[in-house]
Amino acid sequence: MARSTTGRDRDEPVIQVRGLKNAFGDSVVHEGLDLDVRRGEILGVVGGSGTGKSVLMRSIIGLQTPIAGEITVFGEPTIGREETEATNIRKRWGVLFQGGALFSTLTVAENVEVPLREFYPELDQALLDEIAAYKVVMTGLPADAGPKFPAELSGGMRKRAGLARALALDPELLFLDEPTAGLDPIGAAQFDELTRSLQRTLGLTVFLITHDLDSLYAICDRVAVLADKKVIAVGTIDELLALDHPWIEEYFKGPRGRAAVATQEAQAGIVAHRSADAEAAAHPTGVKQTELKATGAADTETPAEQARTN
């Protein structure tokens, strides 16, 4: 069931990160990193290799303990909490790790049931199977994928199976780590469409780590750029393009960036062409009904009608 959001809700940060510092030995990954993720948006997170995109995600979900800083999710702090204290927050998010991260010895359905068994051990097997079957179909997999093992699936199907598991608890917040990596362009575009459809239908907030410029242009409401050990900018792609930063310019205005823009413009042209064709089919005379009404021509009698009247 979709979650409704008011204008105020949409500006409300679901995730707040302040002054985050992460380091591995002498290697500092983040220093003074700040970030807000708004309710109901798809936020793309980009950055060069080694900028700590996955480390940031792992810090937010509690798999990485930062050296310093504060993180709140749904208004509650996540750092330094006992496992039992964080349970109620963890129920409200789902995570798709790189490659799906499925348990190889479990079937797809059993993988989907893992979080259900963890948080709701009282559920009987019949209900678990029913929920798992629903989640499998929800992510675009065939119904017969449930009894299969990950090794029997294609790369794209494993991604969808991982997504089904991430959605098992009906989360409000979804973390996706490089979901289209390794997919062909058609498969990547289909996964993007699935992500946007699920986000709108279920009212999700999505934290999306990606290198895929097509994904950024196609589905992201805003993009956060990691560089220099922090988030250097957050905004729409148009807002980022207006900034004077070497990495941003190289990333968005380089060959791949230009190719992504061309792809989006081509798709927009196809949609416009289809709309024009549909309009022409609906009004084969080439005159729209709205135009007829505006000029009063729609109320004018034809010669045949005039003859019958006379």
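In the predicted model, Trp 93, Phe 175 and Phe 207 are linked into a cluster by ring pairs. The count of aromatic pairs comes to 4. One of them is formed by Trp 93 and Phe 175, whose rings lie 6.0 Å apart from centre to centre, with 90° between the planes, an edge-to-face arrangement. Trp 93 belongs to strand S6 (residues 93-96) and Phe 175 to strand S7 (residues 173-177), so this pair ties together parts that are 82 residues apart in sequence. Trp 93 has a relative accessible area of 9% and is buried. For Phe 175 the relative accessible area is 0%, and this residue is buried as well.

Phe 175 also pairs with Phe 207: the ring centres are 5.5 Å apart and the planes stand at 50°, so the pair is tilted. Here too, distant parts of the chain are linked, since Phe 175 lies in strand S7 and Phe 207 in strand S8 (residues 205-209), 32 residues apart. Both Phe 175 and Phe 207 are buried.

Between S6 and S7 the pairing is parallel and runs over 4 bridges. Within this part of the sheet, Val 95 stands opposite Phe 175 in S7, the residue that the ring pairs link to Trp 93 and Phe 207.

A further open sheet is formed by 4 strands in the order S2-S1-S4-S5, with antiparallel pairing. Its edges are strand S2 (27-38) and strand S5 (76-77), each with a single partner strand, so one side of each is left without a neighbour in the sheet. Strand S4 (residues 68-73) pairs with S5 in the antiparallel sense over 2 bridges. Val 73 stands opposite Glu 76 in S5. A contact between a charge and a ring involves Arg 92 and Phe 74: the charged end of Arg 92 sits over the ring of Phe 74, 3.8 Å from the ring centre.

Two helices were examined in more detail. In helix H2 (residues 53-60), 6 of the 8 residues are buried, so this helix is largely enclosed by the rest of the structure. The buried residues are Lys 53, Val 55, Leu 56, Met 57, Ser 59 and Ile 60. H2 is followed by Gly 62, which has a positive phi, near 90°.

Helix H7 (residues 185-202) contains 18 residues; at 1.5 Å a residue it should span 26 Å, and this agrees with the distance of 26 Å between its end C-alpha atoms. The N-terminal end of H7 is capped by Asp 184, which has a side-chain oxygen 2.9 Å from the backbone nitrogen of Ile 186. After H7 comes Gly 203, whose phi is positive, near 70°.

Note on methods. Residues are numbered from 1 along each chain as its sequence is written. This is a predicted model: local features need pLDDT of at least 70, side-chain atom pairs count only at pLDDT 80 or more; totals for chains, interfaces and linings use all residues. Side-chain values use heavy atoms; hydrogens and water are left out. The expected span of a helix is 1.5 Å times one less than its number of residues. A polar contact is a pair of N or O atoms within 3.5 Å; within protein, one must be able to donate a hydrogen and the other to accept it, and residues adjacent in sequence count only if both atoms are side-chain atoms. Rings of Phe, Tyr and Trp (its six-membered ring) pair if their centres lie within 6.5 Å; planes under 30 degrees apart count as stacked, over 60 as edge-to-face and the rest as tilted. Buried means under 20% relative accessible area, exposed over 50%, partly exposed in between (1.4 Å probe, protein chains only). A charge sits over a ring if NZ of Lys or CZ of Arg is within 6 Å of the ring centre and within 35 degrees of the ring normal. Two strands pair if DSSP finds at least two bridges between them.
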